[in-house]
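I'm opening my notebook to look at cavities, strands and aromatic rings. Here is the structure I worked from.

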Amino acid sequence: MSPPVDPRDLLAAAAAADLPLAPPRADAVAAGFPGSPAHDFGKIVTRVPVAVATPRDRDELARCVAFLGAQQVPFVARGTAHGSGGQALVDGGVVLDLRGLAAIGAPSPGDDDVVVEAGATWAELCDALRPLSRAPAVLTSNWHTTVGGTLAVGGFGDASHQKGPQVTMVRALEVVTLDGARREVREGDPLFDFSLAGRGQLGIIAAARLATVTRSDDLRARGVVWERLDHFLHDLASFATSAGAEIVRARIAWARGRVRGAVGAFGAGAPRLPPLLGRLGAETRVDYAEAGTEGPNRHWEAPCPALEVVIPWEPADPAGGAARLEALRERVLAAGLAPYLPLGSAVMGTGPGARWPHAPLAPLLAGSSALVVPIRPEVPAAALPRVMPGVKDIARWTYDEGGKLYLVGVEAAEDVDLERQVGPALAPWRELHARYNPSGLMNPGLL
Ligand SMILES: Cc1cc2nc3c(=O)[nH]c(=O)nc-3n(C[C@H](O)[C@H](O)[C@H](O)COP(=O)(O)OP(=O)(O)OC[C@H]3O[C@@H](n4cnc5c(N)ncnc54)[C@H](O)[C@@H]3O)c2cc1C
């Protein structure tokens, strides 16, 4: 435990070092998410920092990190704080707000990589790439999150059934370690491998070099309704290799047990789909940039005890997968969550974890495919005590089924079983943590 920080001493030392640290503004804290450094999307955890650091470039970021390390102050990296468990919050420490670090390198026509600073949002990156008809291959349903904040957890999206999580797009990283060093790392370097989905335990991602793909926003999509879960999983399995199913969105309506969604591909004359068991609607042209992203909207207003689960799935066995999804459904219903999930929950498929070897901490299942189910209920504050035991029951069930939690949800230390979460990657991760973040001051609370 580090001694409590005296805010006046800290701010005076920061001013002397010409670093952008300021006390949290009382009006911002009172207003809550998204502007408050004491709150996150979940609106359940409140942690009040003594100061907020707002570096404007990578050099200043490195100087801030070195300064906080030297001052022995706990600090957390914050992108847009779209987690629900206080992951980007700290009591009595410093919030390192990365939104000011949002430069996007000019993408050159002959090169499919782009260098983007960690605080840029995916929406900003898409806007910068659009004139070149390029885009990130995988986008989550929320483009208002930062590149750094999503690469620090994984990033599952509507192309993950074919391309894996967003961390698979990363070709290089610049990581700032607690000593203030800016380190350029690539696949195979442990600092690279264990920074992806590593929740900033080893360093702060300052920038990433991402592979992009050529595509327009012109999506040809067809709605699909699946009355049976096994039919949905049968079709989801076939989408993994279908050129007509570049994009798959599906949501389970928990009370009814039905799945609705859309499937499509980019460009004129999109390729045909394989024969499906779901009921297909007519083809429509969709502007992916307009339709592709959630919120902010009224569904973002209530407290959200999110629990995002990753459960094993054998694509060749739709009946077995349906039984597991049905077991999850029973728990969601027993927890009383269905009324608070008016939009249902997304269900995404991933290919076998072994296909994405350079991100050992990503919440994938080694050698097995997985279903990713983000359960993000909108729960009035008064109802939280009633539903929380059921949420925790689902977390335990997930581990018992051989699954993992996606570490962006409501998360008490006792809910996260790191042995089951990262398996054989835990020992090397701990060794790297001792080397790069020896005092544990940077993003405390996980390792
Ligand atoms: C409405 C909604 C929809 C969502 N949809 C999806 C989805 O479709 N797919 C999906 O995968 N996820 C989804 N999420 C989850 C979201 O992608 C993650 O919570 C992601 O972490 C948000 O990015 P952020 O910028 O808000 O990160 P933050 O919440 O600010 O940070 C996340 C974690 O990473 C750390 N961190 C932040 N920046 C850095 C950095 N530069 N270097 C090192 N560590 C850092 C923080 O300390 C924290 O532990 C959704 C969330 C919401 C609220």
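My entries below go topic by topic.

**Ground rules.** I'm using a predicted model, where local features need pLDDT of at least 70 and side-chain atom pairs count only at pLDDT 80 or more, while totals for chains, interfaces and linings use all residues. Residues are numbered from 1 along each chain as its sequence is written, and side-chain values use heavy atoms, with hydrogens and water left out.

**Sheet.** I looked up an open sheet of 5 strands, in the order β13-β10-β12-β11-β15, with antiparallel pairing. Its edge strands are β13 (279-287) and β15 (345-346), each pairing on one side only. Strands here are DSSP runs of E with at least two residues, helices are runs of H or I with at least four, and both are numbered from the N terminus. Two strands pair if DSSP finds at least two bridges between them.

I then went through the neighbours of β12 (residues 258-266). Strand β10 (residues 218-226) runs antiparallel to β12, with 8 bridges, and Val224 has Gly261 as its bridge partner in β12. Strand β11 (residues 247-253) pairs with β12 over 7 bridges, also antiparallel. β11 and β12 make a hairpin with 4 residues between them, and Gly257 in the turn has a positive phi of about 75 degrees.

**Aromatic rings.** How many aromatic pairs does the structure hold? I found 7. Rings of Phe, Tyr and Trp (its six-membered ring) pair if their centres lie within 6.5 Å; planes under 30 degrees apart are stacked, over 60 edge-to-face, and the rest tilted.

Phe266 and Tyr288 have ring centres 5.2 Å apart and planes at 80 degrees, so I wrote them down as edge-to-face. Are Phe266 and Tyr288 buried or exposed? Phe266 counts as buried at 12% relative accessibility, and Tyr288 is buried at 3%. (Buried means under 20% relative accessible area, exposed over 50%, partly exposed in between, with a 1.4 Å probe and protein chains only.)

I also noted one aromatic cluster, made of Phe33, Phe41 and Trp300.

**Cavities.** I got 3 cavities of 30 Å³ or more. A cavity is a set of points on a 1 Å grid over the protein atoms alone where a 1.4 Å probe fits but cannot get out, and lining residues have an atom within 4 Å of a point. The largest cavity holds about 80 Å³ of space. Its lining includes Ala152, Arg199, Gln421 and Trp429.

Notes
On a 1 Å grid over the protein atoms alone, a cavity is a set of points where a 1.4 Å probe fits but cannot get out, and a pocket is an open set with protein on both sides within 12 Å along at least five of seven lines; lining residues have an atom within 4 Å of a point. Grid points are joined across faces, edges and corners, and a volume is the space filled by probe spheres set on the points.
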